[in-house]
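Subject: Structure handover

Hi,

Here is the structure we talked about. Please open it and keep it in view while you read my notes.

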Amino acid sequence: MGKLKIGWASRDVSTTKPVDIPGQFHIRVSTGIIDPITVTALVLESGGDIAVFLSGDFVSIRPYLVTETRDEIAKRLPGFPVEKIVICCTHTHAGASYYKSSSSMSTPDEIPHPGIEIADSNEYRAFLVGKIADAIEEAYNGRAPGGIAYGYGYAVAGHSRRVVYFDDLSKRPGASAEAGVIVAGHAAMYGDTNDPMFSHYEAGADHFINLLYTFDAAGKLTGAVMNVPCPSQNSEGESRLSASFWNEVRELVRAKHGNIHLLSQCAAGGDLAPRLLHYKKAEARRFKLKFGTDNPKNVSELFQRKDIAERIAAAFDEVLAWAGKDIRASVPLKHVVKNVALARRFITDEEYRIELKQSKELAATPFKKDGTPLEKLQHDSRLVACRHRSERIVARYEAQKTKPSLDMELHVIRLGDIAFATNCFEMYMDYMHRIQARSPFEQTFIIQLCGTPTDCGGYLATERGEWGKGYSASLYCNGVSSKGGQELVEKTLEVLKEIHK
């Protein structure tokens, strides 16, 4: 057991340039900034091992962001174990694009957009990698003796976003389906609950918030990791940059505790979202009486954001009040990085035949000829995204013949009596509970949407999700099957048990 050293750093990575904002099927071009998007680095070192957490206000972490960041750190800090850098995102749908030409959605260089200026995402990625590396380097060089405290509280943020119906939606007249987007079934993401065939939500919700606080050698609070099972995708249709509800969380916590570092982690939330689907009238009344109507920047879902932030900030204070009685300056740290192979979601012969036909039809569909430049951009970028997603199914059908699994970089980190375990997916909540229930640690922080150098990601749906189908639980969204999901559970638990000894 070694003395703990802790380092923090943050950077604002907002830009006023008209960047693409990913997170929808169509391209959105940024028209400004609602609130800052940031990256925050935390370095923990003890007993000869190290863990580096980096969280950013983005919708996803692509493999090349991981490799480019590690390459940059290797140049700046020769000999640094770059494989121990964990990069995750908050899953805001209002972050800037750093993407290369995509094989799953669309990027501006694939679609004519005369009259609309869109900044180069490669230029932004170079800027972003530099800022991330600055933060990691500063945190590493600034590490100093300190202590940690931890605990959990309750903060209602996420709700199930998959609605299940008594009937099969694919059999309804005019059934909703779109090549490259959705395969209808008994479930629908953000489905209409005011429907006589509404049965239930597919999953419950998880109102736990796992918290790790850091202190300097004098016992002063320096920062915290906030691990919440809910993607920060309020305001997800905005054309302005925003950290979603994490902006309001940071404002509230810092107003009370000073300008401390706050690192946001999204726990398993692939089937959860920060919005109610069935109690909308009651919610509208709540917000009107509680917050009024003042919204000078006209931010979508602003009051949902404020409501969630109040609960997270209250949990932060409640847990700190008792967890702060047990500050530990000497804890064992063990960081295991390993590659795990997870069973693919196989494409059937029938699905392949259907997709091959749909892919040809999408390829033959022309770009929009009429309308405004923005209307044409939105239509054409959605079309290209659907083409890509359909083409990927055809390619997966061939690839699965020789490679029945996908590789993922797994990080499992022991920090005293708590642990962290990562995955690259929008992971359905059940998998997190399976890991936490059997983990030997007092608390296990699950971190979804962590970058992996391999081509692995998408939603990780459960068995009941695969049965219900709909967006997030069909061939377009699931590269790994529910069988692969359980393999991830077991392989994560193997490492947790090993490092707990």
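A salt bridge here is a side-chain nitrogen of Lys or Arg within 4 Å of a carboxyl oxygen of Asp or Glu. Helices (H or I, at least four residues) and strands (E, at least two) are DSSP runs, numbered from the N terminus.

Before going on, two notes. This is a predicted model: local features need pLDDT of at least 70, side-chain atom pairs count only at pLDDT 80 or more, and totals for chains, interfaces and linings use all residues. Residues are numbered from 1 along each chain as its sequence is written, and side-chain values use heavy atoms, without hydrogens and water.

Back to the pair. Lys 290 is partly exposed, at 36% relative accessible area. Glu 310 is partly exposed too, at 34%. (Buried means under 20% relative accessible area, exposed over 50%, partly exposed in between, with a 1.4 Å probe and protein chains only.) Salt bridges with shared partners join Arg 286, Lys 290, Asp 307, Glu 310 and Arg 311 into one network.

The salt bridge count is 37. One of them joins Arg 275 and Glu 236, with the closest N and O atoms 2.9 Å apart. Arg 275 lies in the loop between strand S16 (272-273) and helix H4 (280-291), and Glu 236 in the loop between S14 and H3, so the pair ties together parts 39 residues apart in sequence. Both residues are buried.

Now look at strand S14 (residues 221-228). Seven of its eight residues are buried. Strand S13 (residues 208-216) runs antiparallel to S14, joined by six bridges. Strands pair if DSSP finds at least two bridges between them. S14 also pairs with strand S15 (residues 261-266), in the parallel sense, over six bridges. Which residues does Asn 227 pair with? Its bridge partner is Asn 210 on one side and Gln 265 in S15.

Last, the largest nonpolar core. It has 52 residues, and Met 408, Phe 425 and Leu 488 touch the most other members. Such a core is a set of buried Ala, Val, Leu, Ile, Met, Phe, Trp, Tyr and Cys residues joined through side-chain atoms within 4.5 Å. A second, separate core of 39 residues includes Tyr 64, Leu 65, Tyr 99 and Ala 139.

Best wishes
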